[in-house]
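Subject: Structure handover

Hello,

Here is the structure we talked about. Please have a look; my notes follow below it.

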Amino acid sequence: MRDVRESAASAVQPVKWLRDPLVVQALRSAAAASIAYVIAVRLTPDKSAAPLTAPLTALLVVQVTLYATLKMSFRRVNAVVAGVLVAIAFSQLVGLSWWSLALLIVAALGVGHLVRAHEFVAEVAISAMLVLGVTSHGSLAWARVVETLIGAIVGLAFNLVLAPPVWVEQAGESIEGLARRVRQLMLRMGEEAADSTPWHEAAARLHEARRLDHDIGEVDEDLRQAEDSLRFNPRVREGLLHRVVLRTGLDTLEICTVVMRVLARTFTDLAKVREPEPLFPPETGATIQQLLSEIADAVVSFAVLVTTSASDDAESAEERLSAELRQAAVTRDRLAQLLLEDVRRDARQWQLQGAVLTEVDRIIDEMDTEHRSRRLLEELDRHTREQRERMPRLTRLRDRARSRLRRRNRKAAGRRS
């Protein structure tokens, strides 16, 4: 049985390796650069030198996502053409010398910012220097433009013909991994709340909660890649909805991690002033442990919900989350009563005990399904409004096309009835 599991794991390992973004990026870039070089050798007018600008452009243009490829193609072609034009203008006025080279670089960098080349501003100056540095500037300028266009077209066609992967699954795994790390932290904090916890151990949980900020940054990078892969991708329907669901889900988890950091700070302060006494009375500590365990399970269920695409799975995940939040609300009410009784018996650090209740309330409210639905509707409305403001003509054309399609469907339905 063990041999079967090991063989299955070894068979799955290459599949995971081929799905890695770095591996996919390397393979796609190498293939596109090679194709661009072969085409440039045949088409470029300058036969005296290898047309390396074409594979270089394809290498820079081909990104993991189609949206990034379109953006990089436009910016790089824009930068190269601007640099060539600057060089041609300078070649008509001055030759190549130290002062003209310095003046050329300053002018090219200024033009790069003017034409919004962004990260390719330096490419404007590089193109200008390469063209100005030879005698036959006219032929080299034309050859460089042709090579750049070949590389950009090959890079763009490469992603159009071989549609890039959608990185939603990887982003979902990152979000679920973050939720499970939050769950483990909650469980450990619950165990400490039900026991006599030294101050240094409570402080260690606080440092662990602070390290979640780094995890949030890594998950955000994966989510940005997934969002880019959904834009302009012909294989994706309702890409905006997928982006908004994932983004709002990560925002909710980020808020939960912030609240967890505050809760860990509260536990640390309680442990510091009450050591060697326990943080809470036995019954209250046990209730806090139970509540944090229930909330921890709800955090994982929430992550599963926002990363589930199939409607049936999403419905079951939402039902499970709702049930866990209802149970957590019941335990929270019992905790509120116990904390009130504890404060009446001993009013020391009453503000810290009240803060515990406030912080768990915030986490429960953030994961509430009704709250999540409102967030989704608000984000969708905001994206629609921004799109209308950014591209009013395109929006009007799309609305007209949709209204005509609806009228046509109504007429067809009337004929059938």
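Start with Asp342 and Arg345. They form a salt bridge, with the closest N and O atoms 2.4 Å apart. Both sit in helix α12 (residues 311–345), three residues apart, or about one turn of the helix. Asp342 is buried, at 6% relative accessibility. Arg345 is exposed, because its relative accessible area of 61% is over the 50% cut-off. Bear in mind that this is a predicted model.

The count of salt bridges comes to 13.

- Arg188 pairs with Glu208, closest N and O atoms 2.0 Å apart. The bridge runs from helix α8 (residues 168–193) to helix α9 (residues 199–230), and the partners are 20 residues apart. Arg188 is partly exposed at 29% relative accessibility, while Glu208 is buried at 16%.
- Asp220 pairs with Arg247, closest N and O atoms 2.6 Å apart. Here helix α9 is linked to helix α10, across 27 residues.

Now the cavity. The whole structure holds one of 30 Å³ or more. Helices α10 (239–274), α11 (282–306) and α14 (369–390) each supply at least two lining residues. α10 gives the most, with four. The lining divides into three nonpolar, three polar and two charged residues. Among them are Phe302, Thr252, Arg372 and Arg375.

Best wishes

Technical notes. Residues are numbered from 1 along each chain as its sequence is written. This is a predicted model: local features need pLDDT of at least 70, side-chain atom pairs count only at pLDDT 80 or more; totals for chains, interfaces and linings use all residues. Side-chain values use heavy atoms; hydrogens and water are left out. On a 1 Å grid over the protein atoms alone, a cavity is a set of points where a 1.4 Å probe fits but cannot get out, and a pocket is an open set with protein on both sides within 12 Å along at least five of seven lines; lining residues have an atom within 4 Å of a point. Grid points are joined across faces, edges and corners, and a volume is the space filled by probe spheres set on the points. Ala, Val, Leu, Ile, Met, Phe, Trp, Tyr, Cys and Pro count as nonpolar, Asp, Glu, Lys and Arg as charged, and the others, Gly among them, as polar. A salt bridge is a side-chain nitrogen of Lys or Arg within 4 Å of a carboxyl oxygen of Asp or Glu. Buried means under 20% relative accessible area, exposed over 50%, partly exposed in between (1.4 Å probe, protein chains only).
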